[in-house]
Amino acid sequence: MELRQLRYFLTVAKHKNFTKAAGLLHVSQPALSKMIRSLEEELGEKLIERTNKITELTDAGKVVYEYAANILSLTEDLIHSLEDLTDLRRGGISIGIPPIIGSLFFPRVLAAFHKKHPNIKVDIKEYGAKKVAESILEGEIEIGVAVIQMISEEDFETYPIVEEDMVILVNDQHRLAKKASAALHELKNEEFIFYNEDFALFELVRQHCISEGGFEPNILFQSSQWDFMSEMVAAGMGITILPQSICNRVQNTSVVQVKLTETDLKWKLAIIAASGKYLSHASKAFIHFLMEGKKSLLHSHNQ
């Protein structure tokens, strides 16, 4: 039995389609079919039921899938462990960063880390917070950045890096524009410009509106771009609630910041990694680097 056979089998099983799996593996479909048949012959069991469009695992296939996933995962851990013996003279980090976070803090962080460890390759995946968490648990990436209130403490190790106030943005003609502060319950009848649902801030703000404000927010528009959201506010299309560091970037003079009071709603960011899973020396070094230098690398961003 070869590791390649198991990898090919897992790809077919995951995508339930020989044609798609062959494309992802960069092999011909006949070659892929031959590889799966050879694995079935070697094990003496049929592993996949084939139809015209999709494939399904047999009972034996489900058992092989579970063991194959573990074998390949252990093999990958072995390779990473051996790479780590080079004391960071080579290696890589796979990190998931939501776009709204990456544009604020991480260019400076990554530049400083690269200067210290020029041989470490950093592979950045720009995912929404939900996908960052899912991708870490599935093993696609090692570490990520997430809003700490929205992840499971059982599933992840967390390394807090940023905590900020959330701020209301309104048009300068809005009824709240002359007020220094407002509470969530005062926003009950407002129309909101909200984040897309794959952003952790979507559910975080929504939950606080319900639990503390006593209302389900009336969401008029959704976006993944903070600058578009602020321009919608400037045009009088609604209000929004954004982290302080993002509000500080808004330059449109038609937009006014109003402090959010009587709430524990905060933007709390952390580096996260899967609990109990292997973490490469390169990723450990990145976490250590960020935790040691977060005051100068992150907090000074708002000054």
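**Figure 1. Ser33 lies in helix H3.** The model shown is predicted; local features are described only at pLDDT of at least 70, side-chain atom pairs count only at pLDDT 80 or more, and totals for chains, interfaces and linings use all residues. Residues are numbered from 1 along each chain as its sequence is written, and side-chain values use heavy atoms, without hydrogens and water. Helices (DSSP H or I, at least four residues) and strands (DSSP E, at least two) are numbered from the N terminus. With a relative accessibility of 15%, Ser33 counts as buried (under 20% relative accessible area with a 1.4 Å probe, protein chains only; exposed is over 50%, and partly exposed in between). The C-alpha atom of Ser33 is 41 Å from that of Ala200, a residue 167 positions away along the chain.

**Figure 2. Helix H2 (residues 18-25) has buried residues at Phe18, Ala21, Ala22 and Leu25.** These residues lie on the same side of H2, because the arc that they cover around the axis is only 100°, taken from the directions from the helix axis to the C-beta atoms. In an α-helix, residues three or four places apart point the same way, since there are 3.6 residues a turn. The packing partners of the buried H2 residues are helices H1 (3-15) and H3 (29-43), together with strands E1 (48-50) and E2 (55-57); contact here means heavy atoms within 4.5 Å.

**Figure 3. The two ends of H2 involve Asn17 and His26.** At the start of the helix, the backbone nitrogen of Thr19 has a side-chain oxygen of Asn17 within 2.9 Å. His26 follows H2 and has a positive phi, near 60°.

**Figure 4. Thr240 is a residue of strand E10 (residues 240-243).** Thr240 is buried, as its relative accessible area is 1%. A polar atom of the Thr240 side chain is 2.7 Å from the backbone oxygen of Ile193. Such a polar contact is a pair of N or O atoms within 3.5 Å; within protein, one must be able to donate a hydrogen and the other to accept it, and residues adjacent in sequence count only if both atoms are side-chain atoms. When neighbours within four places in sequence are left aside, Thr240 is in contact with Ile193 and also with Val167, Ile168, Leu169, Met229 and Val233.

**Figure 5. The chain around these sites has 10 helices and 12 strands.** The C-alpha trace spans about 75 × 50 × 30 Å along its principal axes. Of the 303 residues in the chain, 44% are buried.
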